[in-house]
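The tour goes from one selection to the next and says what is found at each stop.

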Amino acid sequence: ELLQLAQDLATTTTTGSGSDPEPARIPLTGVHNLIYSTAPGGSSGKIFQIGTITIAGQVQQTFVDDVTFINSVQLGPLRL
């Protein structure tokens, strides 16, 4: 039974459950939100820091096509 479960898992992960044998060829599309980051600096949405208080915005990455993407940070109505 354990062997069958392992074989089923191996088949599932290589035949279409979100995995692709050539993932670099999947077109990049859509808008993606950064959920969590420990990276320092603006790429993680950290706009500035005053003492121990960090002001951070919501980070998004928008794929326009396979070559062009837009990284942005939104803080209230302002999007950078």
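Begin by selecting Q60, which counts as buried at 18% relative accessibility; here buried means under 20% relative accessible area, exposed means over 50%, and partly exposed lies in between, with a 1.4 Å probe and only protein chains considered. Q60 has its place in strand β4, where strands (E, at least two residues) and helices (H or I, at least four) are DSSP runs numbered from the N terminus. This is a predicted model, in which local features need pLDDT of at least 70 and side-chain atom pairs count only at pLDDT 80 or more, whereas totals for chains, interfaces and linings use all residues. Residues are numbered from 1 along each chain as its sequence is written, and side-chain values use heavy atoms, with hydrogens and water left out.

Now show the surroundings of Q60: leaving aside neighbours within four places in sequence, Q60 is in contact with V31, H32, N33, I70, N71, S72 and R79, contact meaning heavy atoms within 4.5 Å. With the side chains of Q60 and R79 displayed, you can find a polar contact of 3.3 Å joining them; a polar contact is a pair of N or O atoms within 3.5 Å, and within protein one must be able to donate a hydrogen and the other to accept it, while residues adjacent in sequence count only if both atoms are side-chain atoms.

Next, select strand β4 (residues 58–63) together with strand β5 (residues 69–75), which run antiparallel and are joined by 6 bridges; two strands pair if DSSP finds at least two bridges between them. Within this pair, Q61 has N71 in β5 as its bridge partner. Strands of a sheet pair through backbone hydrogen bonds, either parallel or antiparallel.

From the sheet, move to S43 in the loop between β1 and β2. Is S43 buried or exposed? S43 is exposed, because its relative accessible area is 58%. Not counting residues up to four places away in sequence, S43 touches L34 and V59. If you draw a C-alpha to C-alpha distance from S43 to S72, it comes to 8.6 Å, although the two are 29 residues apart in sequence.

Then select strand β2 (residues 46–50) and strand β3 (residues 53–56), which pair in the antiparallel sense over 4 bridges. The two form a hairpin with 2 residues between them, and G51 in the turn has a positive phi of about 65°. F48 lies in β2 and has I55 in β3 as its bridge partner. With a relative accessible area of 43%, F48 is partly exposed.

Buried residues make up 10% of the 80 residues in the protein chain. Of the contacts with a separation of 6 or more, 32% are accounted for by residues 24 or more positions apart.
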